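I opened the model today to look up a few things and keep notes. Here is what I wrote down.

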Amino acid sequence: MTSSNDARSTAAGPYQATGSLRGRTILMSGGSRGIGLAIATRAAQDGANIVLMAKTGQPHAKLAGTVFSAAEQVEAAGGHALAIVGDVRSDEDVAGAVAAAVERFGGIDIVLNNASAIDLSTTDDVDMKRYDLMQDINVRGTFLLSKLSLPALRKSAHAHILTLSPPLNLDPHWAGRHLAYTMAKYGMSLTTLGLAEELKADGINVNSLWPCTLIDTAAIRNMPGGEEIVQAARGPQIMADAAHAVLTGGNLAGAGAPSGNFYTDEQVLRAAGVTDFRPYSLGAAEDRLVPDIFL
């Protein structure tokens with residue numbers, strides 16, 4: 001079943017692609033809903049192969065969508081999907097997903113580190129189980145999926161690791177607001193920084209992508225006051241279009257080196273020719289949108 005939130009994520013936007021992901025295989029952590037599903041569906045419109053590894057095999061009490069319903073949406077959009085119920089924290093699950101992607105589609109071209117846990121509690125208030133969860137999913141999961149995919153990526157002519165994490169910023173403001181979450185997200189970004197340097201000679205591009213504004217997702221809606229907060233957000237389609245532009249590369253000519261970047265969605269889409277971002281909004285005026293954290 002597709003939620004209204006998922007329907008918005010596939011709505012047409014102002015982005016006009018100049019490249020295609022047709023025939024490329026994407027291995028994504030998460031993706032059963034929200035930004036990950038929007039990115040997968042946009043790639044599917046080109047005819048990409050999408051391997052979705054997510055924990056949600058059965059319907060969640062509060063969150064719409066499973067890895068299987070996401071795969072159905074990918075197929076309906078024109079792509080080829082492989083749904084895998086797995087936990088990015090598990091070495092065995094991740095190794096199995098990599099092997100399944102190679103067996104089903106013959107290789108891996110793109111790894112998309114989408115899975116992430118969020119808790120904006122202060123240090124006094126954060127539960128250590130939540131702290132461990134964020135470290136395990138965000139940091140370890142990103143590192144593990146990237147690591148185990150490297151042999152397959154080295155065989156691809158279009159190898160790319162894209163991680164949904166913010167630009168590294170040592171301004172203490174963000175660490176002071178939610179230290180546990182900041183460390184977890186910056187751990188993902190450090191993985192981008194390190195792998196981009198480490199893999200220079202291997203022909204594997206490694207980049208991060210982050211939204212300039214709050215994005216309407218089920219996770220945000222389930223936070224206290226979330227239903228009101230997302231009224232001043234953008235839909236996930238803006239991240240889907242930006243990820244497509246990064247992964248196809250054709251819209252970023254002259255934007256610098258192809259690897260080691262911490263892109264924002266607006267930066268990428270402006271380079272791709274987008275000048276009006278209002279179609280991505282859920283209705284609020286541009287000057288009333290909620291800026292995302294870390295920016």
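**Entry 1: helix 3.** I looked at Thr66, which caps the N-terminal end of helix 3. A side-chain oxygen of Thr66 lies 3.2 Å from the backbone nitrogen of Phe68. I count a polar contact as a pair of N or O atoms within 3.5 Å; within protein, one must be able to donate a hydrogen and the other to accept it, and residues adjacent in sequence count only if both atoms are side-chain atoms. Helices (H or I, at least four residues) and strands (E, at least two) are DSSP runs, numbered from the N terminus.

This is a predicted model: local features need pLDDT of at least 70, side-chain atom pairs count only at pLDDT 80 or more, and totals for chains, interfaces and linings use all residues. Residues are numbered from 1 along each chain as its sequence is written, and side-chain values use heavy atoms, with hydrogens and water left out.

Helix 3 covers residues 67–76. I found Val67, Ser69, Ala70, Ala71, Gln73 and Val74 buried there. Buried means under 20% relative accessible area, exposed over 50%, and partly exposed in between (1.4 Å probe, protein chains only). After helix 3 comes Gly78, with a positive phi near 115°.

**Entry 2: the cores.** Next I looked up nonpolar cores (sets of buried Ala, Val, Leu, Ile, Met, Phe, Trp, Tyr and Cys residues joined through side-chain atoms within 4.5 Å). The largest has 41 residues. Ile39, Ile50, Leu52, Leu112, Leu209 and Leu269 touch the most other members. Elements that each supply at least two residues of this core include strand 1 (25–29), helix 2 (34–44) and helix 10 (237–248). Helix 10 gives the largest share, 8 residues.

I then checked the contacts of Ile39 (heavy atoms within 4.5 Å). Beyond its neighbours within four places in sequence, Ile39 is in contact with Met28, Leu112, Leu164, Met239, Ala240 and Ala243. A second, separate core has 38 residues, among them Val98, Met134, Leu144 and Ala184.

**Entry 3: Thr248.** Is Thr248 buried or exposed? Thr248 counts as buried because its relative accessible area is 15%. I placed Thr248 in helix 10. A polar atom of its side chain lies 2.8 Å from the backbone oxygen of His244. The backbone oxygen of Ala245 lies 3.4 Å from a polar atom of the Thr248 side chain. Not counting residues up to four places away in sequence, Thr248 touches Tyr15, Gly19, Ser20, Leu21 and Arg24.

**Entry 4: salt bridges.** Side chains of opposite charge can pair when their charged atoms come close. A salt bridge here is a side-chain nitrogen of Lys or Arg within 4 Å of a carboxyl oxygen of Asp or Glu. By this rule I get 11 salt bridges.

One of them joins Arg42 and Asp46 at 3.2 Å, N to O. Arg42 is buried, at 11% relative accessible area. Asp46 is buried too, at 13%. Another salt bridge joins Glu197 and Lys200, 3.2 Å from N to O. Glu197 and Lys200 are both exposed.

Asp276 pairs with Arg278, and their closest N and O atoms are 2.9 Å apart. Asp276 is partly exposed, at 28%, and Arg278 is exposed, at 59%. I also noted one network, in which salt bridges that share partners join Arg234, Glu266, Arg270 and Glu286.
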